[in-house]
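Please find below my note on the structure, arranged as numbered points.

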Amino acid sequence: MDLAAKAWAQQDLSATGVELGPVDLRLGYNPGVAFSVGAEAPAWLVIAVTATITAAVAAFAWRAARHGGRAQLAALALVLGGAVANLADRAADGVVTDYLHTGWWPTFNLADTAIVTGALLLAVTAWRGDAAQKRSDRSDAAEASPPRDASSPSGRGDV
């Protein structure tokens, strides 16, 4: 979907853009990564680094597929889908096509939105997983401790 939107933007979106309200359509190109980091680096280097990161995310997603929850897998799919779309776009000419513009944030695209949404969802699922693990650990510890005997001063049944 993102690659189709990028193709449309390159062909039909005028240089002046289209004002729609909170998010306008405006054509832009990003030779770097997020927030144009690395924009001055050679295109081959940016492509190599983003391809390596994308491959690492794919490997992590592959390993998580067996035991990950639905939310984690959806988050990884969003990140991986966005990364692959931006990598495919960048491979053609060394830049990523952007077309969504707010006026207060750098111009971005649907793939960027998928990456950010997936990353946020990963953070939430990790946080929820940590909280659930801590609750489980406390519950296990409470079940493992011996019962207290109220008749003794120490509560352990000794006198």
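This is a predicted model: local features need pLDDT of at least 70, side-chain atom pairs count only at pLDDT 80 or more; totals for chains, interfaces and linings use all residues.

1. A residue is termed buried under 20% relative accessible area, exposed over 50%, and partly exposed in between (1.4 Å probe, protein chains only). By this criterion Ala-91 is exposed, because its relative accessibility is 51%. Ala-91 is found in helix H3. Of the 159 residues of the chain, 27% count as buried.

2. Residues are numbered from 1 along each chain as its sequence is written, and side-chain values use heavy atoms, with hydrogens and water left out.

3. Four helices and two strands make up the secondary structure of the chain; helices (H or I, at least four residues) and strands (E, at least two) are DSSP runs, numbered from the N terminus. Read from the N terminus on, the order of the elements is α-β-α-α-β-α.

4. How do H2 and H3 cross? The axes of H2 and helix H3 (residues 70–93) come within 10 Å and cross at roughly 155°. H2 is therefore roughly antiparallel to H3. Axes are lines fitted to C-alpha atoms, for helices over the stretch in contact, and angles run from 0 to 180 degrees between N-to-C directions. Angles under 35 degrees count as roughly parallel, over 145 as roughly antiparallel, 65 to 115 as roughly perpendicular and the rest as oblique. The crossing of H2 past H3 is left-handed, a term for a near helix turned anticlockwise from the far one by less than a right angle, with clockwise being right-handed.

5. Two C-alpha distances involve Ala-91. Ala-48 counts as partly exposed because its relative accessibility is 35%. The C-alpha atoms of Ala-91 and Ala-51, 40 residues apart along the chain, are separated by 9.7 Å.

6. Which side chains form salt bridges, where a side-chain nitrogen of Lys or Arg lies within 4 Å of a carboxyl oxygen of Asp or Glu? The count comes to two. Asp-2 forms one with Lys-6, the closest N and O atoms being 2.7 Å apart. Both residues lie in helix H1 (residues 2–12), four residues apart, about one turn of the helix. Lys-6 also meets Asp-89 in a salt bridge, at 3.6 Å from N to O. This pair links distant parts of the chain, with Lys-6 in helix H1 and Asp-89 in helix H3, 83 residues apart.

7. A nonpolar patch on the surface is formed by Val-33, Phe-35, Val-37, Trp-104 and Trp-105, with about 590 Å² of accessible area together. Patches are made of residues with over 30% relative accessible area and no salt bridge; like charges are joined within 9 Å, nonpolar side chains (Val, Leu, Ile, Met, Phe, Trp, Tyr) within 5 Å. Accessible areas come from the Shrake-Rupley method with a 1.4 Å probe, and for residues only the protein chains shown count as cover. Phe-35 is found in the loop between strand S1 (24–30) and helix H2 (43–64), and is exposed because its relative accessible area is 57%.
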